[in-house]
Amino acid sequence: MSMKSLSVIERKQVSKKNKKRDLAILSLFLSSGLRCAELVGINLNDLNLETGKVRVMRKEAKKDVVPIAHFSHKYITNYFEARSSLNTDVEALFITDYNQTIRKISNASINKMVAKYSEAYKVRVTPHTLRHTFATRLYNVSHSQVLVSNQLGHSSTKPTELYTHIVSAEAKDALKKL
């Protein structure tokens, strides 16, 4: 699933009830590299589209401010508009209406939602897959392990080496085809 996939999903006739929320969630994964738990933990006042940043709680209760790519802003804005019409005091950014009770969306719900949309592409996608997609794309553009590591909230660049190897393997395959 990629950024192009978001526009395909926009055009599809899927459940209109949660479509704007789902597109906002998918775009936020693809524009920030957040973990599912980090995304679930975002409150309304944590996201600032003017600065293009979101406050999150990382692993081990570390607070962080994460930049988000601009392409997701329209999806998030559309969701904000839809969400503002709901009468709720729930502070969580992403909410669900289950049995006529509005509450913060769960990790399990997000995993199911991502799986539902990825079925159309005949490939199993998870929120973590979207995180890897973001990281690989960021590394392809920046060629900076430090930048990718910081964006993903890694405490060192060691876990980020995975993306270097992916790009190296792609380069090796491309060179064979010359």
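The axes are lines fitted to C-alpha atoms, for helices over the stretch in contact, and the angles run from 0 to 180 degrees between N-to-C directions.

I kept in mind that this is a predicted model, in which local features need pLDDT of at least 70 and side-chain atom pairs count only at pLDDT 80 or more, while totals for chains, interfaces and linings use all residues. Residues are numbered from 1 along each chain as its sequence is written, and side-chain values use heavy atoms, with hydrogens and water left out.

**Helix H2.** I looked up H2 (16-32), taking helices as DSSP runs of H or I with at least four residues and strands as runs of E with at least two, numbered from the N terminus. Its 17 residues should span 24 Å at 1.5 Å a residue, and its end C-alpha atoms lie 25 Å apart, which agrees; the expected span is 1.5 Å times one less than the number of residues. I found 13 of the 17 residues buried, meaning under 20% relative accessible area, with exposed over 50% and partly exposed in between (1.4 Å probe, protein chains only). Just after H2, glycine 33 takes a positive phi of about 75°.

The contact (heavy atoms within 4.5 Å) is made by residues including Ile25 and Phe29 of H2 and Ile110 and Val114 of H5. The axes of H2 and H6 (residues 127-142) come within 7 Å and cross at roughly 40°, so H2 and H6 are oblique to each other. There, Leu26, Phe29, Leu30, Ser31 and Ser32 of H2 meet Pro127, Leu130, Thr133 and Phe134 of H6.

**Helix H5.** I listed the buried residues of H5 as Ile110, Met113, Val114, Tyr117 and Ser118. They cover an arc of only 130° around the axis, which puts them on the same side of H5; the arc is that of the directions from the helix axis to the C-beta atoms.

**The core.** I then turned to the largest nonpolar core, which has 29 residues, and in which Ile25, Leu28, Phe29, Val54, Phe94, Ile110 and Val114 have the most contacts. Such a core is a set of buried Ala, Val, Leu, Ile, Met, Phe, Trp, Tyr and Cys residues joined through side-chain atoms within 4.5 Å. The largest share of this core, 6 residues, comes from H2.

How values were computed: Angles under 35 degrees count as roughly parallel, over 145 as roughly antiparallel, 65 to 115 as roughly perpendicular and the rest as oblique.
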